[in-house]
Amino acid sequence: MTKSKPVASSAIENHVYKVFPNDMNAHNTVFGGMIMAKCDRLALVVAERHSGHVCVTAAVDSIHFRAPAKGNDTLLFSLSLNRSWGSSMEIGARVIAENSYTGEVRHILSAFFTFVALDSESKPVNVLAVLPETDEQKRRFSNAEIRRKGRLTMRDQLQDK
């Protein structure tokens, strides 16, 4: 029986979304909430591919908007599982804006999502470990543990005593 799955088995690379006028905010850049929602939905796909279960978003942290996306841009969403612990999984998201006419590309967003896998009774269920294979995947795997410790420490410190 397989005890782990490689990152590539659930990853999404360069999911394409073309920006249209209805995606724009009052500042005439792409509405950040739309980008966040697309990331959440795609992260769900990664989590369910890895776990083989229904999954729910447990946390979203470290959303960094690095540059604006503009009209006529094409957004490229790449997401992959960084690490899993018991029933929870961290998925990293990276969004690139590409100008379809000039070829210019800009890194516009990085974020981390934590999902929990659920069984048929909506109870958390353990998932397979993730197998990082490349140097980049191994770096993300290590960094995920640091972020997890930070999330757990903050949760504990914010709880009512």
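This is a predicted model: local features need pLDDT of at least 70, side-chain atom pairs count only at pLDDT 80 or more; totals for chains, interfaces and linings use all residues.
Local features required pLDDT of at least 70, side-chain atom pairs counted only at pLDDT 80 or more, and totals for chains, interfaces and linings used all residues. Residues are numbered from 1 along each chain as its sequence is written, and side-chain values use heavy atoms, with hydrogens and water left out.

A disulfide was defined as a pair of cysteine sulfur atoms within 2.5 Å. The count was 0 disulfides. C39 is in none; its nearest cysteine sulfur, that of C55, is 17 Å away. Accessibility was classed by relative accessible area (buried under 20%, exposed over 50%, partly exposed in between; 1.4 Å probe, protein chains only). C39 is buried at 1%. C55 is buried at 7%.

Arginine charges were also assigned to rings. A charge sits over a ring if NZ of Lys or CZ of Arg is within 6 Å of the ring centre and within 35 degrees of the ring normal. R83 lies over the face of F141, 3.8 Å from the ring centre. The charged end of R147 sits over the ring of F112, at 3.6 Å from its centre.

Most residues other than glycine have a negative phi. N14 has a positive phi, near 55 degrees. It belongs to strand β2 (residues 12–18); strands are DSSP runs (E, at least two residues), numbered from the N terminus. N14 is partly exposed, at 44% relative accessible area. S62, not a glycine, has a positive phi of about 55 degrees. S62 lies in strand β3 (residues 54–65) and is partly exposed at 31%.

How values were computed:
Helices (H or I, at least four residues) and strands (E, at least two) are DSSP runs, numbered from the N terminus.
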